[in-house]
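Reader: Could you walk me through the rings and their surroundings in this model? I would like to follow along on screen.

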Amino acid sequence: MLSAGKNTISFAGEVTISNIGAARDDLDAALREDGPVFVDIAAVEETDLTFIQLIESARRKAAATGRDFRLRYPA
């Protein structure tokens with residue numbers, strides 16, 4: 001489903017309600033690191049509203065702590 005680098009999270013395949021918990025855990029781990037967080041969704045094949053909500057929640061959490069949070073490439 002996904003792989004995580006120091007401050008880059010790369011999602012692949014299906015990211016839906018059935019596996020959103022793992023995505024949340026990896027985003028939380030990236031947000032605990034110093035520096036900007038980049039999210040790569042280029043290899044995502046299927047998603048649903050839960051993934052969009054998760055990304056928005058992570059973006060807001062980063063903004064609240066003064067962190068840079070962005071997509072690696074435009075959606």
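**Rings and contacts**

Author: Happy to. This is a predicted model, where local features need pLDDT of at least 70, side-chain atom pairs count only at pLDDT 80 or more, and totals for chains, interfaces and linings use all residues. Residues are numbered from 1 along each chain as its sequence is written, and side-chain values use heavy atoms, with hydrogens and water left out.

Reader: Is Phe 51 buried or exposed?

Author: Buried means under 20% relative accessible area, exposed over 50%, and partly exposed in between, with a 1.4 Å probe and protein chains only. Phe 51 has 5% relative accessibility, so the residue counts as buried.

Reader: How are the planes of the rings of Phe 11 and Phe 51 arranged?

Author: Rings of Phe, Tyr and Trp (its six-membered ring) pair if their centres lie within 6.5 Å; planes under 30 degrees apart are stacked, over 60 edge-to-face, and the rest tilted. Here the centres are 5.0 Å apart and the planes stand at 70 degrees, so the pair is edge-to-face.

Reader: Which residues does Ile 41 contact, leaving aside its neighbours within four places in sequence?

Author: Ile 41 is partly exposed, at a relative accessible area of 25%. Contact means heavy atoms within 4.5 Å. By that rule, its partners are Phe 11, Phe 51, Leu 71 and Ala 75.

Reader: Which charged end sits over the ring of Phe 38?

Author: The rule asks for NZ of Lys or CZ of Arg within 6 Å of the ring centre and within 35 degrees of the ring normal. At 4.5 Å from the centre of the Phe 38 ring, the charged end is that of Arg 72.
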